[in-house]
Amino acid sequence: MNDMINVSYDSQIPNNVGLSSDRRVLKALKKWHPGYINWWSGTIPKQFQDANVYLRTAVSVDSGGWAKFDYVKMPDYKWGVLLAPQVEDRRICFGEHAGEKAWQEVPGEYRAMLRRLIVIQGDTEPGSVEQQKFLGLTAPSLYDMRNLFQVNVEEGRHLWAMVYLLHKYFGADGREEADLLLRRSSGSEEAPRMLGAFNEETPDWLSFFMFTYFTDRDGKMQLESLAQSGFDPLSRTCRFMLTEEAHHMFVGETGVGRTIQATLNAMSKAGITDPYDINGIRDLGVIDLPTIQKKLNLHYSLSLDLFGQEVSTNAANSFNAGIKGRYMEHRLKDDHRLSDQTYTIKTLEDGLIVPKIVPALSAINMRLRDDYVVDAMGGINRWNRSIKREKIDFTLRLPHEGFNRSIGLFAGHSVTPNGEVISKSSWDTQSVDWLPSSDDASFIVSLMKPCHEVGKFASWIAPPKVGINNQAGDFEYVQLHMA
Ligand SMILES: [Fe+2]
Ligand SMILES: [Fe+2]
């Protein structure tokens, strides 16, 4: 049982935080648990609740034990409270408390700020499960279905992680916030999820892959900056969540990559070399590259909005307070206080996009977003290499940061993917070339026919290069028990 050293299964809730001797928190979590199960069963369609899914479960938090593969019914998945191991004598590494001992309790003066950040992070986790709830019905393979469910159960566990922090450190108002996390719902009129991108629809699998590539990557950046937190329990929680988040982005990158590969294969077989022969390509039952670019434009721009205002006093305050750092703060070589430093952002002046120098402290969000863009380029370059290999003259690009924005300095302006500022009326006539039209959407939806046969894949997506946990191509990733 060496790989279980850290996790106790002595209550309903697997954990490495000593829950069995923490009566108060255990009681609060047990009270919250039925509401959670209720939310889960009301979200994921019944037939999938009964299926055996080949899932990865964390049974410990060390490198060897956090990925145990087995068939599990999703409602029996071990939602647990798992924190990365405590680092001895950990110090706050930025802001006005830099060098002081990391906090094991919430500092009173930062209570409200911390609670807000935890609630916002917590709200995204169930939000994405709600957005993806019907995708199982149209899964292009059992392999993909399994990946979807893996992402879903882990987002569920991430909700548990945030709820634990609320219950443990925020008393009655923490418990109230934890209840509200189950009450808000993606796309709801009365009680929507807190952030825009989590109220958008995820109507098809290409959206799911773009979402996991771009939006889960925002999640990664937020978790990375919270992992730097001087509030040690938050830091440890986020560090462990990041190990799971990497798989979500893998699902996104390989999902889009396999979609592109199927398109390239079909084009080559049919002797089509023009990527803009939209009808010819669609007739092959695959998604043309220009439409993939439009989906990319949409999900990328929605994800940029998640970083908030480019210039933000809130962000400056939480950095100063030592609550939320920069990406890889511990590796950066500066004073970690940013008192006299500057940062260059882009802004709009008289209809032109121009650079503007602002105090670095105020541009924390922008900096994180810039780091995100660099991180997001990796997969795009790999996708483009596969297009080049097939000698197709097409390059996927990230649109300009001002394109299709609803939050920040570019909100309310019409900016092309190339970064040209145009009039509202030109936007209205041209945006159909940049964002998925209703025709594009219905074409993609027409391809979303379930392919639930073992080892088979829908026409529009290529099989993966390697199976999950190195399973063979004919492995039954999900055992469906259809009546
Ligand atoms: Fe998550
Ligand atoms: Fe995620």
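Predicted model: local features only at pLDDT ≥ 70, side-chain atom pairs only at ≥ 80, totals over all residues.
View 1. Residues are numbered from 1 along each chain as its sequence is written, and chains are lettered from A and ligands numbered from 1 in the order in which they are written. Helices (H or I, at least four residues) and strands (E, at least two) are DSSP runs, numbered from the N terminus. Two strands pair if DSSP finds at least two bridges between them. Look for the two bridges that join strand S1 (residues 52-57) to S7; Asn-52 has Gln-479 of S7 as its bridge partner.

View 2. Axes here are lines fitted to C-alpha atoms, for helices over the stretch in contact, and angles run from 0 to 180 degrees between N-to-C directions.

**View 3. Helix H1 (residues 23-43) packs with helix H4 (residues 142-169).** Their axes are 11 Å apart, at an angle of about 150 degrees. H1 and H4 are therefore roughly antiparallel (angles under 35 degrees count as roughly parallel, over 145 as roughly antiparallel, 65 to 115 as roughly perpendicular and the rest as oblique). On the H1 side you can find Val-25, Ala-28, Leu-29, Trp-32 and Trp-40, which meet Gly-156, Val-163, Tyr-164, His-167 and Lys-168 in H4. Residues are in contact if their C-beta atoms, placed from the backbone, lie within 7 Å. By class, this contact has seven nonpolar, two polar and one charged residues (Ala, Val, Leu, Ile, Met, Phe, Trp, Tyr, Cys and Pro count as nonpolar, Asp, Glu, Lys and Arg as charged, and the others, Gly among them, as polar).

**View 4. Helix H3 (residues 111-131) packs with helix H5 (residues 171-183).** The angle is about 25 degrees and the axes are 10 Å apart, which makes H3 roughly parallel to H5. H3 passes H5 in a right-handed crossing. Arg-115, Val-119, Gly-122, Asp-123 and Pro-126 of H3 make the contact with Gly-174, Glu-177 and Leu-181 of H5. Sorted by class, there are three nonpolar, two polar and three charged residues.

**View 5. Gln-49 sits in helix H2 (residues 46-49).** Gln-49 is partly exposed, with 15 other C-beta atoms within 10 Å (20 or more would be buried, 12 or fewer exposed, with C-beta atoms placed from the backbone). Leaving aside residues up to four places away in sequence, Gln-49 touches Ser-41, Ile-44, Lys-73, Met-74 and Pro-75.

**View 6. Leu-338 and Lys-391 each have a positive phi without being glycine.** Most residues other than glycine have a negative phi. Leu-338, with phi of about 60 degrees, is in the loop between helix H10 (313-320) and strand S3 (342-349). Leu-338 counts as buried, with 22 C-beta neighbours inside 10 Å. Lys-391, with phi near 60 degrees, is in the loop between helix H11 (364-389) and strand S5 (414-415). Lys-391 counts as exposed, with 9 C-beta neighbours inside 10 Å.

Methods: Left-handed = near helix turned anticlockwise from the far one by under 90°. Contact = placed C-beta atoms within 7 Å.
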